[in-house]
There are 2 protein chains.
Amino acid sequence: MQPVDRFQALFNPHSIAVVGASRHQDKLGHIITANIQGSGYRGKLFPVNPKAAEILGLRAYPSPADLPEAPDLGIIILPRDQVLGAMEELAQVKVGAVLVISAGFRETGRQGFELETRMAELAARKKFILLGPNSLGLVNTAMDLNASIALEPPAKGNIGFFSQSGALCAAILDWSLGEGFGFSKFVSLGNKAALSEADVLEAMGDDPDTKVIIGYLESVENGREFMRVAQRVTEKKPVIMIKAGTTQAGARATSSHTGSVAGSIEAGKAAFAQAGIIQVNDVESLFDLARAFSCQPLPKGANLTVVTNSGGPGILAADACEAAGLHLATPSAATVETLREALPPYASLYNPIDIIGDAGADRYRATLEAVARDQLTDAIMILLTPTASAQITETAEAVIEVSKTTDKPVFACFMGDERIGPGRNMLIEAGIPCYAYPEPAVQALTAMVAHHRWRHRPWSVEVCFRRDKGKADKIIGEAQRIHLSELSQPQAFDVAMAYELPVPESTLARTSDQAARAAKKIGYPVALKIVSPHIEGRRALDGVALNLETPAEVRAAFRDITSRVMRKRPGAYISGCLVQAMGPKKAREVVIRLRQDAHFGPLMGFSMAGPSAEILDDIAWRLAPLTLQDAQEMVREIKSFPLLRGVRGEPPVDFGAIEDILLTVSQMAVDFPEIREAELNPILLSEDGALVTDLRLTVS
Amino acid sequence: MQPVDRFQALFNPHSIAVVGASRHQDKLGHIITANIQGSGYRGKLFPVNPKAAEILGLRAYPSPADLPEAPDLGIIILPRDQVLGAMEELAQVKVGAVLVISAGFRETGRQGFELETRMAELAARKKFILLGPNSLGLVNTAMDLNASIALEPPAKGNIGFFSQSGALCAAILDWSLGEGFGFSKFVSLGNKAALSEADVLEAMGDDPDTKVIIGYLESVENGREFMRVAQRVTEKKPVIMIKAGTTQAGARATSSHTGSVAGSIEAGKAAFAQAGIIQVNDVESLFDLARAFSCQPLPKGANLTVVTNSGGPGILAADACEAAGLHLATPSAATVETLREALPPYASLYNPIDIIGDAGADRYRATLEAVARDQLTDAIMILLTPTASAQITETAEAVIEVSKTTDKPVFACFMGDERIGPGRNMLIEAGIPCYAYPEPAVQALTAMVAHHRWRHRPWSVEVCFRRDKGKADKIIGEAQRIHLSELSQPQAFDVAMAYELPVPESTLARTSDQAARAAKKIGYPVALKIVSPHIEGRRALDGVALNLETPAEVRAAFRDITSRVMRKRPGAYISGCLVQAMGPKKAREVVIRLRQDAHFGPLMGFSMAGPSAEILDDIAWRLAPLTLQDAQEMVREIKSFPLLRGVRGEPPVDFGAIEDILLTVSQMAVDFPEIREAELNPILLSEDGALVTDLRLTVS
């Protein structure tokens, strides 16, 4: 397999040279050699050190040139200024991959950055993989390889982890030992001079030992490449990530930490979502989700049944479900009938099914068996509080047995600590996630439902719109030639018409008489809008008049607008006014935005018109090009969506019409990367169509 | 002290009788007797059992009548149908308080409910305290009293806990043992037949052993009484609560569990907030917050400094801070100077202060000492990840020592598990909260900042408005007499005028000529609105015309409106049209709502006008009567507040004017509890005033 082969030398090396291996126990060059040796690695290990003949019982070599064979992996752990030299020596003996543990590069300023660039260039020229510098190392538990300066290797398991923060690796390793978490691969990305998060994601995606991938990132090197890889990987396995720096304060801290500029927060979120990555905000969630994905099947739907021996926690679970958008399943008639016979009269047979505080393990078992058979339930959560009658280990046993008979995911939530401990351990051992509270169980299930939907989403439909690209090209090219960054209104409308966007009939009038004649031709009522290359923000200057009904009104408005603007902006050249047909009266107004993100390319936003959308952060963002599904989701995921569906007896808007406009603007963004910004504001949406009544286009 | 005395017999009994004590080890009547005896209780303990002479080495008595003295506390643990009889016997010997462990009452249906009511009546008549039934019991660690059927008593500490869910008590008890949490009082409320959450809150508020109160509630018995008590208690100590059933799904589960109807979700939240209660959504937060409050001083402001040995977790902390509304403090020039000398050149001196992964304990100490002296910092968070160089216990020692020299709260976040364990234990022992992730530390600090603000909020100002209550009384009384639930427009406006609310000049016109005359008197432009006792939702019926500029337009609109409404509602009696002055043109439109909540009384809402407010859940709720501060907060806490402050160069609205209207409506709600609903929609707000252009009043 080509993709696996590509990273073979790094992850599955047959031989390793440690350049900078040391005999002194407290040196990292000793620690990493000891870790490789101590983890049970079965390949060849060559310490390289000019001053030692033997290290840890292994023969040491003075330099890479003296090695008996070309190592698959060379690990460098030397003072900064010796690293490049060592890399060159390794390159000469045709090393497959180099891992640089040494720090002091990009993160320390200009000089380190330049050194790092030369290292990356060398790796590219000599075609070897470069992980780091400033990496904590890597672990491949399938090979019993702990090539890291972490003190203890993680347990074997099916979770792949990569992190841009070395310290977080250390914390997570320590944490995983206490929690009984098992990893397949563990990679500290370091400064990402060459090997990027996209490469590691690809490697883990193809790794048969990895079932779930989790990661921590502060920046993404090549946004589009990362998305492309992630989209392919998330078709096969869940990818759960924390992106640090998702607030202004966090972004400031990121850039002072890594020296890298983060893309916009919106673009990053959109990229993750469009690539099917599950984004979480904290490390705890990363693990709660990883645990669930690593050992339970995906639920086929969002219908959860909660079985509890106490009402209170059941209510908390119900609250968490509703807040997360999960449904409490309605038990089938057969289930209710079975439960009525199996449970005491005071039990609540409806979900949450409350089997009452005096329930022993048998009552749990009978209930779980009924629920597991119920077609209306997609997932099961068992709550247990340590009441006096609770049979904790016996209940854990019942949960384990029933879970073996069903393909629904099963989650346990044993509340407490000391008394429930043995039961919890049994469950975790048997591969049933057991949480201390209902909320994380609900969060994990929500993510699994979302991932199942992602894997089963309809094939993305490529939509191609008829357009006169040549005409648009001519207009945009002209604007660029005369260094006009914002297109004039007539130009922008011409581009819109080249893309067959629905725009109102409109004519540029240079006099009030021309305006009246144009209005007659277009049909009343009309709008007038000032046209001037020197003016932005027409509305603020009162450069717009709406709903003009008669020739007299049109003439008066023309004079009003032009004289007012001339007064307010004495130097501006005024081309005249655009006379436009008015849109439907009872339309809802929406906005489509387009802008270029430094890391991820063209980013599109959809929202209701007006300042509220920004204030309330109610804008749906996606990276272009959009699929039909993206367009449909954008329109529906804003919180204001009910306004489009219609409130107080209004009919729904024409969704097809607005989705078409989104897809057309996406096409425009792909056709013309030189469009720096576009704003279609407002677009009038009614039950039978859409009309772009105003748009701005800025080119670079 | 009267308040403590009131609950003395329950919490600090000198003698206890256990009615239903048993010799059989697996019976609850045995377990509770053994628990009291085993916990070290130093008062007198009398088992009551007609069939035993001796239980657990104690002389047993056949019945309460045979007891050698009147017990302070009687505990009943008998089959349901014997409970009332035992209570009567205890009442006869003048018991001070009764705790009923037995279950099978309100939670099981009608018969149990009636029995429970009789128990409550007996307690009221005989003037003893009744806790339960269906209670797990209570614990008072100060007296070494474990009068509960929980298996182990909690550790001694300063946290008071009460819960409506017995099972949750058991879970939390078990959890606290593993986490080293200490409690002062621990109360299982049971069915709250007599003793309510308000009583327990009052008792814990007055209890010198309790520093922090935490609680779990599913329903509140007497909303106003609870608020009154809570307001008094939160002046002295923090009260942190989970209210289960805060979603529709949760509320359904609650009512099936407790048989009690919850008040509206909005009213409950408003009540908690107005009483200064810190409301959390999950059990984990309850403990994270309790830990912080129980051992750290309150911060004097919201400025946090983060000290970290790794960039990644620092960024996550910064993200969490911004999301929670905390500020990252700017270090003072002196601090920066000190740090520049103390830290290596690659350290980041700005907050988060990154002392780099190779930091030992000394670097932490020097940094913390500088930050502790910094006047611009209100609170300190120390992040540690277990890097190879980390000195974990030595760093914990440094944190503990520096924390002794400062009155700023100090939080630690040692990330990991096994390696950082010893450091974490040292910190917790020394009273420094130590979390596994930055997010819960930020959440706890946020709550402490809020509580500090609550304790130092300005005195609530009683505002009294001039009003003609007699006039309003006459109008409302008249509507009630003729069984009119919704007041007519002119009536509603008359009430508004009696309260001197700013309403537009308006006149009822019965003909188009009258309308034109009225318009001339009022001054153009005017609005026309249909008036009919049979019509609700004027706008839906097109019963409104705005911005009429000439007599001809007024006459035409009058005919239009009346004929249209007559056509659409053939049977309706039409009084005519209200002719109204138009408000300012560029006003922002807001809404004030008033409605009666079954549990908490008059509830008021403030929002922007239009369907978005409800769709986006952007409504500020408070219970009337409002203080001036409440009114100010309502206007400012909606997410749309920037619209009122002014966007795109708009001036801010007249905040005083809208606050006055809120306070006036609050006054109206207090004066007239018979007002079932009121809606002032829209209120036009401009930079120089407010105008209530439409209002609906419904009376009962």
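What rotation superposes chain A on chain B, and with how much shift along its axis?

1. Symmetry of the pair. In this predicted model, a rotation of 180° with 0.0 Å of shift along its axis places chain A on chain B, at an RMSD of 0.1 Å. The superposition is by least squares on the C-alpha atoms of residues with pLDDT of at least 70 in both copies. That is the relation of a two-fold axis. The residue of chain A that comes closest to the rotation axis is A:L616, whose C-alpha is at 4.3 Å.

2. Conventions. Residues are numbered from 1 along each chain as its sequence is written, and chains are lettered from A and ligands numbered from 1 in the order in which they are written. Because the model is predicted, local features need pLDDT of at least 70 and side-chain atom pairs count only at pLDDT 80 or more, whereas totals for chains, interfaces and linings use all residues.

3. The interface. In total, 76 residues of chain A are in contact with 74 residues of chain B, contact requiring C-beta atoms, placed from the backbone, within 7 Å. Helices α5 (166-179), α8 (248-258), α10 (283-295), α11 (311-324), α21 (612-615) and α23 (641-645) of chain A each supply at least two residues to this side, and α11(A) gives the most, with 11 residues. By class, the side of chain A that touches chain B has 35 nonpolar, 26 polar and 15 charged residues. Here Ala, Val, Leu, Ile, Met, Phe, Trp, Tyr, Cys and Pro count as nonpolar, Asp, Glu, Lys and Arg as charged, and the others, Gly among them, as polar. The copies meet through the same surface, because 97% of the interface residues of chain A are also interface residues in chain B.

4. Chain A as a whole. Chain A has 24 helices and 30 strands, taken as DSSP runs (helices H or I, at least four residues; strands E, at least two) and numbered from the N terminus. An automatic or database assignment gives domain 1 (2-292), domain 2 (296-455), domain 3 (505-582) and domain 4 (588-699). The centres of domain 1 and domain 3 of chain A, taken over C-alpha atoms, are 62 Å apart.

5. A sheet in chain B. Seven strands form an open sheet of mixed pairing, in the order β9-β8-β11-β10-β12-β13-β14; strands pair if DSSP finds at least two bridges between them. β9 (145-148) and β14 (278-280) of chain B each have a single partner strand, so one side of each is left without a neighbour in the sheet. Strand β13 (residues 239-243) of chain B pairs with β14(B) in the parallel sense over 3 bridges, and B:M241 stands opposite B:Q279 in β14(B).

Key:
Contact = placed C-beta atoms within 7 Å.
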